[in-house]
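The sequence and structure are shown first.

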Amino acid sequence: MAIRFFLIACSLAAIATAGNFYREFDITWGDGRAKILEGGQLLTLTLDKTSGSGFQSRNEYLFGKIDMQIKLVPGNSAGTVTAYYLSSQGPTHDEIDFEFLGNLSGDPYTLHTNVFTQGKGNREMQFKLWFDPTKDFHTYSVLWNPRHVIFMVDGTPIRDFKNLESRGIAFPKNQPMRIYSSLWNADDWATRGGLVKTDWSKAPFTASYRDFRADACVPSSAASRCASNAAPGNSGWWNQELDLTGQERMKWVQRNYMVYNYCSDFKRFPQGLPPECSIA
């Protein structure tokens, strides 16, 4: 398996960027509601009653450590969703999701995570954050290598989706993915299952982004530094997994702040939980 992953790495080109939004991203929709500011160091998305807005990365990535600092919509954000995710295209797409579900003033945001493999999702885990994500920027990260997809908040791991292909469970490792983000109205489901609607008197709603960083691989026909990163004994992200401290930090988050785990939802899966739920 290690040799196969090494060969995959040789077909990739390595990049390490501390991104300027003008250089790294394209605004894709919103009719002027998305803006790149401060010489490319800040990006804002805005939602009003007419439309939301969004952007996507110019690069596609196949494995990497990707960080973005986000400051979420402040105040009464009920009904809004700020989505930040990686995705390939097509009916058998792979996807790695952060979605931030707005709430009434004073109530915590819900951080919704999901992993799609070969077009199949239904792997939701949801968390309440242990800070106010609207007061300042916080770093939301994905570490994606051939063995793990690890979700992190300010460096603290909250979820580890492991490669269990040996048990017949698909893992995202063959399809390059772009980064996408959008701010949109989802008051039919986002807040308390759609019971709380968007208060348009509070519009426009704005989410802000800065300090994008990607230490990642992109598809290429040339041999690359990704291969050296993948070499046995290298401590880079390609071989990274949670050590005992990281595992304990993740357990702390899940014990204290996780509010939904698909692996505990027997009503949703009456014929039996997904197979990865029974594998430690």
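## Strand pairing

Two strands are taken to pair if DSSP finds at least two bridges between them. In this predicted model, β2 and strand β5 (residues 53-57) pair in the antiparallel sense, over 4 bridges. Within this pairing, Phe25 stands opposite Ser57 in β5.

## The open sheet

β2 and β5 belong to an open sheet of 8 strands, whose order is β2-β5-β14-β7-β8-β9-β10-β16, with antiparallel pairing. The edges are formed by β2 (25-29) and β16 (258-261), each of which pairs on one side only. On average, and with direction ignored, neighbouring strands of this sheet are turned by 15° against each other.

The peptide bond from Ala203 to Pro204 is cis, with omega near 5°.

Arg192 is a residue other than glycine with a positive phi, near 50°. Is Arg192 buried or exposed? Arg192 counts as exposed because its relative accessibility is 59%, and the cut-off for exposed is over 50%.

## Loop between β9 and β10

Asn122 is found in the loop between β9 (110-116) and β10 (125-128). Its phi is near 60°, again a positive value in a residue other than glycine. The relative accessible area of Asn122 is 40%, so this residue is partly exposed; that class covers values between the limits of 20% for buried and 50% for exposed.

Note on methods:
Residues are numbered from 1 along each chain as its sequence is written. This is a predicted model: local features need pLDDT of at least 70, side-chain atom pairs count only at pLDDT 80 or more; totals for chains, interfaces and linings use all residues. Side-chain values use heavy atoms; hydrogens and water are left out. Helices (H or I, at least four residues) and strands (E, at least two) are DSSP runs, numbered from the N terminus. Axes are lines fitted to C-alpha atoms, for helices over the stretch in contact, and angles run from 0 to 180 degrees between N-to-C directions. Buried means under 20% relative accessible area, exposed over 50%, partly exposed in between (1.4 Å probe, protein chains only).
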